[in-house]
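Keep the view open beside the text as you read.

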Amino acid sequence: MSFGLDQHWRTTMVKDCLQLRPDDRVLDLATGTADVSILVGQELRRLGASVRDAVLGVDPSNEMLRRGVAKVQQNGLEHVVRLVKGDAQDLRTVQVIDAEGTLAEKSPGAREASVDKISMSFGIRNVPDRAKALREMRRVLDPSQQSRVCILELSLPTGETFLSRLARSFITEVVPLIGWVATMGSGGEEYEYLERSILRFPKPLDFARELQAAGLPVERITSFAYGAVNLYTAAPA
């Protein structure tokens, strides 16, 4: 639905927002099939990183993680990227997933101040308790000046230019239609949920205040697609 632009947005997050260093430990929340985790792993490898399991990708979906493990292997990043099943609201315990997609017993997750960078793309609006997840990010983030939190998320464009209105109409009218066509008129609940979740998500400045309240003041908001996508750059207070 983004006409491939989502890859550009993710790459911008990794290249420009995270400001990666060779010794960084990175937490990628809502990793899904590991697109961002892989991008981070590739960038760390390019920088000459030698830290094993430097990237921890977390997601609640077994099937997404299983596919992600295969992609990590295809990219030769098994020693750089580790994928686990976990909850962004409570990262104290996780379940490691192996090469066959089998989940192991629960094990210790992210400790306090144990990561340097946190990324999350198109996932925070789906978290039931958003404030709890943001506080958990602050808990596990190292308090140094180099630490960063980069969150990429959809929102309803609020501008009144022609292109902003067009982007708004795409979300409220075209997305449900795509769902109806894609499911041949038999469902499309996922697309309807996408629309509803975007409509419920706070406006950019309101979400920035939520980050601030969690101890993660926002340094910059970068908008794409005329406000339909926003990249939030935050640092520990």
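Predicted model: local features only at pLDDT ≥ 70, side-chain atom pairs only at ≥ 80, totals over all residues.

Q: How many of the residues are buried, as a share of the protein?
A: Of the 237 residues, 47% are buried, and the cut-off for that word is under 20% relative accessible area. The protein exposes about 11,700 Å², and 53% of this comes from carbon and sulfur atoms.

Q: Why is the pair Cys17 and Cys150 called a disulfide?
A: The cut-off is a pair of cysteine sulfur atoms within 2.5 Å. The sulfur atoms of Cys17 and Cys150 are 2.0 Å apart, and the pair forms a disulfide. The structure holds one disulfide. Distant parts of the chain are linked by this pair, with Cys17 in helix H1 (residues 5-17) and Cys150 in strand S7 (residues 148-154), 133 residues apart.

Q: What makes the disulfide of Cys17 and Cys150 left-handed?
A: The torsion about its S-S bond is about -100°, so the disulfide of Cys17 and Cys150 is left-handed.

Q: How do you know whether Cys17 and Cys150 are buried or exposed?
A: Buried calls for under 20% relative accessible area. Cys17 has 0% and therefore counts as buried. Cys150 also has a relative accessible area of 0%, so Cys150 is buried.

Q: What is the strand order of the sheet, and which kind of pairing does the sheet have?
A: The order is S5-S4-S3-S2-S1-S6-S7-S9-S8, an open sheet of nine strands with mixed pairing. From one strand to the next, the twist averages 25°.

Q: Why are S5 and S8 said to stand at the edges?
A: Strand S5 (103-108) and strand S8 (218-224) each have a single partner strand, so one side of each is left without a neighbour in the sheet.

Q: How do you know that S8 and S9 pair, and in which sense?
A: Pairing needs at least two bridges. S8 and strand S9 (residues 229-234) have six, in the antiparallel sense. Thr222 has Leu231 as its bridge partner in S9, and Val218 has Ala234. S8 and S9 form a hairpin with four residues between them, and Ala225 in the turn has a positive phi of about 50°.

Q: In which sense do S1 and S2 pair?
A: S1 and strand S2 (residues 55-59) pair in the parallel sense over four bridges. Val26 stands opposite Val55 in S2.

Q: What makes both faces of S1 count as covered?
A: Val26 and Asp28 on one side are buried, and so are Leu27 and Leu29 on the other.

Q: Which strands does helix H4 lie across, and which does helix H7?
A: Helix H4 (residues 130-140) lies across strand S1 (26-29), strand S4 (90-97), strand S6 (117-121) and S7, running at about 80° to S4. Helix H7 (residues 204-213) lies across S7, S8 and S9, running at about 150° to S8.

Q: Which residues touch the most other members of the largest nonpolar core?
A: They are Val40, Leu83 and Leu152, in a core of 30 residues. H1, helix H2 (35-46), helix H3 (62-74), strand S3 (81-87), S7 and S9 each supply at least two residues of this core. Leaving aside neighbours within four places in sequence, Leu83 has contacts that include Leu65, Val69, Val72, Val96 and Ile97. A second, separate core of 28 residues includes Val58, Ala133, Val149 and Phe207.

Q: What makes the backbone at Ala30 and Ala34 worth a look?
A: Most residues other than glycine have a negative phi. Phi is near 50° at Ala30 and near 75° at Ala34, both positive values. Ala30 lies in the loop between S1 and H2, and Ala34 is placed in the loop between S1 and H2 too.

How values were computed. Residues numbered from 1 in each chain as written. Heavy atoms only, no water. Buried < 20%, exposed > 50% of the residue type's maximum accessible area, 1.4 Å probe, protein only. Axes fitted to C-alpha atoms, helices over the stretch in contact; angles between N-to-C directions. Contact = heavy atoms within 4.5 Å. Core = buried A, V, L, I, M, F, W, Y, C linked by side-chain atoms within 4.5 Å. Areas by Shrake-Rupley, 256 points an atom, 1.4 Å probe, with all protein chains shown as cover.
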